[in-house]
Amino acid sequence: MKPFLREKIPAKLSEIPEYTAYEAGYLVTGNAGWRNIRPVINKEKCVGCLQCYLHCPDGVIFKKDGKVDIDYDFCKGCGICKRICKPGAIEMEAEK
Ligand code: SF4
Ligand code: SF4
């Protein structure tokens, strides 16, 4: 499936697709081996605004139960999601 332009910006969160990367655009090998910090979502603070989901450069944040979750197999630990999260629901923690 090729990327396409939408005629209008989705008005409702439910109209935003489940994932930000289309199938052919996914990374094919896990890259977590070189990550030394990882984002951790505090579900209590998360308001489900989807800003992290929309800004993650690798499309590894996905919608789940009205909030979001992270695919750690492909997250590179860049921290953009933490910076974009206004409610402060994401903290970067050291890999163990
Ligand atoms: S930006 Fe923060 S509050 Fe919004 S969905 Fe992501 S984790 Fe939740
Ligand atoms: S740390 Fe970077 S790659 Fe990982 S979920 Fe956040 S924005 Fe995406």
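1. In this predicted model, the shell around ligand 1 consists of Cys-46, Val-47, Gly-48, Cys-49, Leu-50, Cys-52, Val-68, Cys-85, Pro-87 and Ile-90. By class, 9 of these residues are nonpolar and 1 is polar, with no charged residue.

2. Ligand 2 has around it Pro-39, Cys-56, Pro-57, Val-60, Ile-61, Cys-75, Lys-76, Gly-77, Cys-78, Gly-79, Ile-80 and Cys-81. This shell divides into 9 nonpolar, 2 polar and 1 charged residues.

3. The largest nonpolar core comprises 17 residues, among which Ile-61 and Val-68 touch the most other members. At least two residues of this core come from each of helix H1 (51-55) and strand E3 (67-70). Ile-61 also belongs to the shell of ligand 2, and Val-68 to that of ligand 1.

4. Beyond its neighbours within four places in sequence, Val-68 contacts Ile-41, Lys-43, Cys-46, Leu-50, Cys-52, Tyr-53, Ile-61, Phe-62 and Lys-63. Among these partners, Cys-46, Leu-50 and Cys-52 also surround ligand 1.

5. Pro-39 lies in strand E1 (residues 37-41). Its relative accessibility is 1%, and Pro-39 is therefore classed as buried, the cut-off being under 20%.

6. Pro-39 and Ile-90 are 51 residues apart along the chain, yet their C-alpha atoms are separated by 6.1 Å. With neighbours within four places in sequence set aside, the contacts of Pro-39 are Ile-70, Tyr-72, Cys-75, Cys-81, Ile-90, Glu-91 and Met-92. Of these, Cys-75 and Cys-81 are also found around ligand 2, whereas Ile-90 is found around ligand 1.

Key:
Residues numbered from 1 in each chain as written. Chains lettered and ligands numbered in written order. Predicted model: local features only at pLDDT ≥ 70, side-chain atom pairs only at ≥ 80, totals over all residues. Heavy atoms only, no water. Near = heavy atom within 4 Å. Nonpolar A, V, L, I, M, F, W, Y, C, P; charged D, E, K, R; others polar. Core = buried A, V, L, I, M, F, W, Y, C linked by side-chain atoms within 4.5 Å. Buried < 20%, exposed > 50% of the residue type's maximum accessible area, 1.4 Å probe, protein only. Helix = DSSP H or I, 4+ residues; strand = E, 2+ residues; numbered from the N terminus. Contact = heavy atoms within 4.5 Å.
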